[in-house]
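Biologist: Hi! Could you walk me through this one in plain words?
Modeller: Happy to, let's look at it together.

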Amino acid sequence: MIDVIRETQGEAQVWTLRINRPDKANSLTRDMLRAVETATAEAEQAGVAALVLTGEGKVFSAGADLEEARAGLATDGIWERVSSRIASMPCLTIAALNGTLAGGAFGMALACDLRVAVPEARFFYPVMKLGFLPQPSDPGRLAALIGPARARMILMASQKIDAATACDWGLVDRIVEKEALAETVNALSEAVCAAPPEIRKGIKAMIPG
């Protein structure tokens, strides 16, 4: 399930999309991905100042639900549609990474403007081992953040990296303890919430990527 939490900071709206399937490591079904796609469209229509992606429990998301992955979800174009929707949002988007992320969920985090992680988070994208190509936009976004060689380290050498390494490489912008995650997201959202909508949209449009 995807929880949509709507809050306000001053006169601005901040929406949080929380992956809530902790008994299955927050693995994503096609219906859950459609819910994210729908919620991002609704958030854009509502003119939110910030959109936050996070997970329930100790894992952000293990990626595709295994049963549905075997039935074709692993290579479904919905992953690309969802990450494209997130990337095109005219607001600040933040991945509040409460734990490990993998595969297609990694792509959702790459599509965000900022990534904040807990120290226990691990990052891996095992498409090489599984025999799949990554979603089309993911390698480019990953290489833009950490460089081509390190992108190959993750995608081709199938290396799992820890939060400290991710921060050192530039994949993660900040590491905070789990109890400080929400407070950190609020602080990062403060400026866009205070700004006029045309200013936050204009500045985001001026930044490549």
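Modeller: One term to start with: two strands pair if DSSP finds at least two bridges between them, and strands (E, at least two residues) and helices (H or I, at least four) are DSSP runs numbered from the N terminus. This is a predicted model, where local features need pLDDT of at least 70, side-chain atom pairs count only at pLDDT 80 or more, and totals for chains, interfaces and linings use all residues. Residues are numbered from 1 along each chain as its sequence is written, and side-chain values use heavy atoms, with hydrogens and water left out.

Biologist: Thanks! Which residue does Arg6 stand opposite in β2?
Modeller: Arg6 stands opposite Trp15. Strand β1, residues 2-9, pairs with β2 in the antiparallel sense, over eight bridges.

Biologist: And how many residues lie between β1 and β2 in the hairpin?
Modeller: Two residues lie between them, and Gly10 in the turn has a positive phi of about 65°.

Biologist: Which strand do six bridges join to β2?
Modeller: That is β3, residues 50-55, and β2 and β3 run parallel. For example, Arg18 has Thr54 in β3 as its bridge partner.

Biologist: Why is β2 largely enclosed?
Modeller: Six of the eight residues of β2 (residues 12-19) are buried, so the rest of the structure largely encloses this strand. Buried means under 20% relative accessible area, exposed over 50%, and partly exposed in between, with a 1.4 Å probe and protein chains only.

Biologist: How much of the protein chain is buried?
Modeller: Buried residues make up 47% of the 209 residues.

Biologist: New topic: what is the strand order in the open sheet of four?
Modeller: The order is β4-β6-β8-β9, with mixed pairing. β4 (59-61) and β9 (161-162) are at the edges with a single partner strand each, so one side of each has no neighbour in the sheet.

Biologist: How do β8 and β9 run, parallel or antiparallel?
Modeller: Antiparallel: two bridges join β8, residues 122-124, to β9. Within that pair, Phe123 has Ile161 as its bridge partner.

Biologist: Zooming out, how many helices and strands are there?
Modeller: The protein chain has 10 helices and 10 strands. Its radius of gyration is 16 Å, close to the 17 Å that the globule rule gives for 209 residues, so the chain is as compact as a globular protein of that length. That radius is taken over C-alpha atoms, and the rule is 2.2 Å times the number of residues to the power 0.38.

Biologist: What does the C-alpha trace span?
Modeller: Along its principal axes, about 45 × 35 × 30 Å.
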